[in-house]
Amino acid sequence: MRDAAERFLAKRHPRTVARQAGQAGEALWHDIAEQGWPAMLVPEAQGGLGLGMREAVIIAHAAGRHLLSVPLVANMVVLPSLCTDHARLQDELAAIISGELCHAWADNGLDRAEDAWIEGAASLRPIWRLQGADLQKFAPKPGGLGLDATQAIARWCDQEPQFQLTLQHDEVARLIERLRLLRAAELTGAATAALDLAVEYAREREQFGRPIGANQAVKHSLADCWMALDEASLAIEAAADEMDEKSMRTASGRSEDSASAALALDMAQWLAVDGGRRAAQRAVQTHGALGITWECDVHLYLKRVLRLAAILEAQCGQADLLEKVWQQH
Amino acid sequence: MTQWIRELAGIEDDAAFRAGLREGLARAYDEFSRAWPGGAAPRDLDFRRGWENLLCEQGGAGLGWPREYGGLALPLTRQAIFHEEHARCGAPLGVNLIGHGILAPTLLHFGTEAQRARFLPCILSNQEVWCQGYSEPGSGSDLASVRTRAERVTGGWRLNGHKIWTSFADRAQWCFVLARTDPDAAKHRGLSFLLVSMQNAGVRVEPIRQLTGDAEFCEVFFEDVFVPEQALVGAEHGGWRIAMAAASFERGTYFIPRLVRFSQELQTVRQLVRGEGAQAAAWRQRWARLAIDSHVLALKSQRALAAAERGDPPGPEGSSTKVHWSESHQRLLELAMELLGPSISQPETPLERELVHAYLWSRAETILAGTSEIQRNIIAEQMLGLPKG
């Protein structure tokens, strides 16, 4: 699955396409939907692939690596929740699964609504938002490019929801946890691609008659970045396994509260934000003066990492995560 | 003494095997400790050797060896369970780890039948302790530059040289020595792997006192030591390959006892974190960061075990685990020193003494078995394909 996703995205979504996020649009979404990814987490009985988080983190990671310019992760996460009201949302679900419709997503959990941003905003994409236990649908809003030039966004403004769906308590928690983990995976994927660029550059760029990557000051810092991202990826996989096991327990009626799944998620998020940001920043430094140009692609990854880290941290900052880890042990 | 570990190995179910070990090891270690004058002394080398002897008597050696050599032929998952449960009961590592973990599998892979017959039974019973003659004063990280020479003489070689940082050489009966047999060949190509008796008249051992105050490392001097033909493992001048392979046999299980200890110490240090305010918050954060390290190290260890089980060739992931474990272990003990405060200047309670000793010893962990700097080179060169410096 990892290889297939890599091959598909390398061909369909090279960096030249990522750089045109403003226009990329619905043809791309259609091709993504053909891979089955938006409906990965939807049960097979409802037209999805019926896969778990273990598979979803692989796709989210690949989306980050390739700076995917459509809001795949948000759609993956919201779809299973929409399925809980299959009767009313049947047509909508079918449209998303077939690739005719893509949703934009407004992040929740912020203190002030005006600080929320709509990821993947475009004139044809209805916006979904989680407000408390209510999943609300709003009319589309055209997007523009912000700091992260590979994903269209728009600032949130209050409007009346067109549709509202109240989720069960467990369903709310599941949606939020899945979104956090997939964002962490996407972030790690983007940082991994930035590190790859830096490594490639350090192998080729010569100064004083040899590649700069032969110098320990350069190679050791890149080795540290590799370790940090490897650790984040391992922790993300482990958290995905915990979530899948928890889902299976819930499905079989044994819904004991899983502290270990929550802890695994907190640790994975901490590692992704910390390691991802460090690696992306180090990748700019490794490129020297070239790294601070618009032309060099490395800033695109840095900005994706920064945006995702900011969303994750707005809901739970790094120090708060550590406090949670302290308390949960 | 019954070989109860051997009997337990026949159990079908991994969980029952684990439960049996947990109970049996706890009981055996408790009995052994109570019989020891003054009680458990996990840092005392005689205590460690004594416990290791007992463990071998009870069937706790040769776990992965083939049955024909007296082994248990346990799959790696079972060996991992044993190492985990052994560490969990609080028992220290033995003094013949080199014999059990490195030399025995090396002989099983590369040794002659005569070498296996001569040496394996005495490792199984822990009668003979082994040490590893690799590093020299002029050859630390650059191991292939060793200058200890083995010159051809009738029936074998004459060995001359100076090894250093040799753990437990003063207790060892045998040493495997990486020596230069072809001074004209390129540096990796002229080395041989020789089994040398420490009882030879020309062998002199001088312990090195470490900053902990203990002396576990030694210098070893070889002066005109005769090494017979049958002491060569593998091909003459083919010692580098043997030495590299020897280092890889433990990769699936090496970190298991260290990670169990890490998580035990993590819980110990947690008890020391008290108070309110900014300093206490900073301590809690540092502790939580180390709890994340412990979590990820366990995941890395599982990955290494799975790779070893699949028979994958050893990769640079081992270097990453080494760096991560040794550096986070140092951070944990640095935190412990801060939490203990001025009482470290004259540690009195067993807990204080243990943590101060662990802190001091941990300074060696980023140096021995490949420094952090060398490990980062390996990661950068093998994992990322960066050029050698």
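Predicted model: local features only at pLDDT ≥ 70, side-chain atom pairs only at ≥ 80, totals over all residues.

**Entry 1: a helix pair.** I started with helix H9 (residues 259-286) of chain A and helix H10 (residues 298-315) of chain A, whose axes come within 9 Å and cross at roughly 155°. Angles over 145 degrees count as roughly antiparallel, so H9(A) is roughly antiparallel to H10(A). I noted the handedness too: H9(A) and H10(A) make a left-handed crossing.

**Entry 2: who touches whom.** Next I looked up the residues that make this contact. From H9(A) they include A:Gln269, A:Val273, A:Gly276 and A:Arg277. Among those from H10(A) I found A:Tyr301, A:Leu302, A:Val305 and A:Glu313. Sorted by class, the contact of H9(A) with H10(A) has 10 nonpolar, 4 polar and 2 charged residues.

**Entry 3: the domains.** I then turned to the domain assignment of chain A, which gives domain 1 (2-167) and domain 2 (170-328). How far apart do the C-alpha centres of domain 1 of chain A and domain 2 of chain A lie? I read 21 Å for these two centres. Their contact takes 29 residues from domain 1 of chain A and 33 residues from domain 2 of chain A.

**Entry 4: the domain 1 side.** Here I asked which helices of chain A supply at least two residues each to the side of domain 1 that touches domain 2. I wrote down helix H2 (15-18), helix H4 (53-65) and helix H5 (72-82). The largest share of that side, 10 residues, comes from H4(A). By class, this side of domain 1 of chain A has 17 nonpolar, 7 polar and 5 charged residues.

Definitions and conventions
Residues numbered from 1 in each chain as written. Chains lettered and ligands numbered in written order. Axes fitted to C-alpha atoms, helices over the stretch in contact; angles between N-to-C directions. Helix = DSSP H or I, 4+ residues; strand = E, 2+ residues; numbered from the N terminus. Parallel < 35°, antiparallel > 145°, perpendicular 65-115°, else oblique. Left-handed = near helix turned anticlockwise from the far one by under 90°. Contact = placed C-beta atoms within 7 Å. Nonpolar A, V, L, I, M, F, W, Y, C, P; charged D, E, K, R; others polar. Domains from an automatic or database assignment.
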